[in-house]
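Welcome! Please have a look at the sequence and the 3D view, then read on.

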Amino acid sequence: MALTSVSLSLDSVVIAIYPGSFDPITLGHLDVIERASRLFDQVIVAVLCNPGKDPFFSVSQRLEQIRRSTQHLINIEVDSFTGLTVEYAKLRQARVLLRGLRVLSDFEKELQMAHTNQTLWDGIETVFLATTKEYSFLSSSIVKEIAKFGGSVTHLVPANVADDIFSYYN
Ligand code: ADP
């Protein structure tokens, strides 16, 4: 009886992967991570190393930025991966792939990706979290655009990221 309840509780641990570029992490991403940490047993924030993209911050800088931004949360792990997200999910025994939705244009792209991933592995379930409305406009690209022209981004990114951006331009 005791053994059954132990194995049941282990089976019910839900690990979610939140994959993305996070170049850099914004307050919109952080909001999704904080809300997901209350929904799932463990959330792995996974930086995709995409050789096709020319990032602003290196993978190791992004990992450090995300670690520092999420250190108040106990069930968050930060990692990086290459290749197919579903293969990484299998490796990490994650059953949930977490994505954020801001505007209608996100929906089209995200739904296509969710359906594609389903064809690759039916063991994965994509879960979408709708953005909190004050972050619906916010993206990493917008942050980089403002920073490039000398604007302040302190209201858009975690403090440690704002410091990194400031150091880059000064
Ligand atoms: P990717 O290149 O994989 O889209 P991003 O770092 O841009 O990587 O985004 C990762 C995920 O976070 C995506 O699902 C994106 O829709 C979501 N996201 C980005 N910004 C926000 C935000 N402000 N609110 C909610 N979700 C967001």
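How many aromatic pairs does the structure hold? There are six aromatic pairs in this predicted model. The points below begin with some of the rings and then turn to a strand and a helix.

**Aromatic rings**

- A pair of aromatic rings is described by how far apart the centres lie and by the angle of the planes.
- Phenylalanine 56 and tyrosine 169 form a stacked pair, because their ring centres are 6.2 Å apart and their planes meet at 25°.
- Phenylalanine 56 sits in the loop between β2 and α3 (59-69), while tyrosine 169 belongs to helix α7 (residues 159-169), so this pair ties together parts that are 113 residues apart in sequence.
- Phenylalanine 56 counts as partly exposed, at 26% relative accessibility, and tyrosine 169 is also partly exposed, with a relative accessible area of 35%.
- The rings of phenylalanine 81 and tyrosine 88 are stacked too, because their centres are 4.8 Å apart and their planes are at 15°; both of these residues are buried.
- One aromatic cluster is made up of Phe56, Phe57, Tyr168 and Tyr169.

- Strand β1 (residues 15-20) is largely enclosed by the rest of the structure, because six of its six residues are buried.
- In a regular strand, side chains alternate between the two faces of the sheet.
- Both faces of β1 are covered: Ile15, Ile17 and Pro19 are buried on one side, and Ala16, Tyr18 and Gly20 are buried on the other.
- β1 pairs with strand β2 (residues 42-48) in the parallel sense over six bridges, and here glycine 20 stands opposite valine 47 of β2.
- Between β1 and β2 the chain passes through helix α2 (residues 27-39), giving a right-handed β-α-β crossover.
- β1 also runs parallel to strand β4 (residues 96-101), joined to β4 by two bridges, and isoleucine 17 stands opposite leucine 97 in β4.

**Helix α5**

- Helix α5 (residues 104-120) has 17 residues and reaches 25 Å from first C-alpha to last, close to the 24 Å expected at 1.5 Å a residue.
- Which residues of α5 are buried? They are Asp106, Glu110, Ala114 and Asn117.
- The buried residues of α5 pack against α4 (85-91), β4 and β5 (125-130).
- Leu104, Ser105, Glu108, Gln112 and Thr119 are exposed on the other side of α5.

Notes:
Residues are numbered from 1 along each chain as its sequence is written. This is a predicted model: local features need pLDDT of at least 70, side-chain atom pairs count only at pLDDT 80 or more; totals for chains, interfaces and linings use all residues. Side-chain values use heavy atoms; hydrogens and water are left out. Buried means under 20% relative accessible area, exposed over 50%, partly exposed in between (1.4 Å probe, protein chains only). Helices (H or I, at least four residues) and strands (E, at least two) are DSSP runs, numbered from the N terminus. Two strands pair if DSSP finds at least two bridges between them. A crossover is right-handed if, with the strands pointing away from the viewer, the path from the first strand over the helix to the second runs clockwise. The expected span of a helix is 1.5 Å times one less than its number of residues. Contact means heavy atoms within 4.5 Å. Rings of Phe, Tyr and Trp (its six-membered ring) pair if their centres lie within 6.5 Å; planes under 30 degrees apart count as stacked, over 60 as edge-to-face and the rest as tilted.
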